[in-house]
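Please examine the sequence and the structure shown below. The paragraphs that follow lead through selected parts.

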Amino acid sequence: MTVYRIAVVCLGNICRSPTAQVVLEHRLEQAGLAGRVEVASAGTGGWHAGEPMDPRAAVALRDAGYDPTRHRARTFTADWFAEHDLLLAMDASNHADMVDLAPTVQQRAQVRLFRDFDPEATADDDQVPDPWYGGPDGFRLVLTMIERTVDGLVQRLPDLIDSPSH
Ligand code: 4NP
């Protein structure tokens, strides 16, 4: 059985994408898909590589019942295209930076916006905003958005896993 590999990617890999990784892994476990789907996260910028999650993101996760302690930040590189099936960008800027690193034109298609899977996303509201400069409300908002999007993604996973390109 092949494993389907998903990477979630933001700028620093200490707030948004690690939150998405923790929530997605939790939901995969609940859905009985933990052995079939693997999740990694990275940041397009490497400043925080090796660091744990931002304490504000960790508090929001812990308050909602998740375990934020295992994360260590990594940097997104061109190798991630070969190592993963689906690469999900938190915002348009992350998306552009990732597409720039694609080794082939065809591999650009592996990059999608994370919120493509959010049933409430609209053309004007399709990104996960960076909570780094704001207060705790921003982190809670981001967590709610991520939980809703992860539910949409998990629903679509059977189709994605069985798609011919995978
Ligand atoms: P993230 O948030 O991309 O959601 O992890 C940020 C973390 C750090 C920085 C920017 C955004 N920074 O500029 O260091």
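Is glutamate 38 buried, partly exposed or exposed? Because its relative accessible area is 46%, glutamate 38 is partly exposed; buried means under 20% relative accessible area, exposed over 50% and partly exposed in between, with a 1.4 Å probe and protein chains only. This is a predicted model, in which local features need pLDDT of at least 70 and side-chain atom pairs count only at pLDDT 80 or more, while totals for chains, interfaces and linings use all residues. Residues are numbered from 1 along each chain as its sequence is written, and side-chain values use heavy atoms, with hydrogens and water left out.

Glutamate 38 belongs to strand S2, residues 37-43 (strands are DSSP runs of E with at least two residues, numbered from the N terminus). Leaving aside residues up to four places away in sequence, glutamate 38 touches Val3, Tyr4, Arg5 and Ile6, where contact means heavy atoms within 4.5 Å. Glutamate 38 and isoleucine 6 are 32 residues apart in sequence, yet their C-alpha atoms are 6.1 Å apart in space.

The aromatic rings come next. Rings of Phe, Tyr and Trp (its six-membered ring) pair if their centres lie within 6.5 Å; planes under 30 degrees apart count as stacked, over 60 as edge-to-face and the rest as tilted. By this rule there are 3 aromatic pairs. Phenylalanine 76 and phenylalanine 81 are edge-to-face, because their planes stand at 70 degrees, with ring centres 5.8 Å apart. Phenylalanine 76 is buried at 3% relative accessibility, and phenylalanine 81 is buried at 1%. Phe76, Trp80 and Phe81 make up one aromatic cluster.

Conventions
Helix = DSSP H or I, 4+ residues; strand = E, 2+ residues; numbered from the N terminus.
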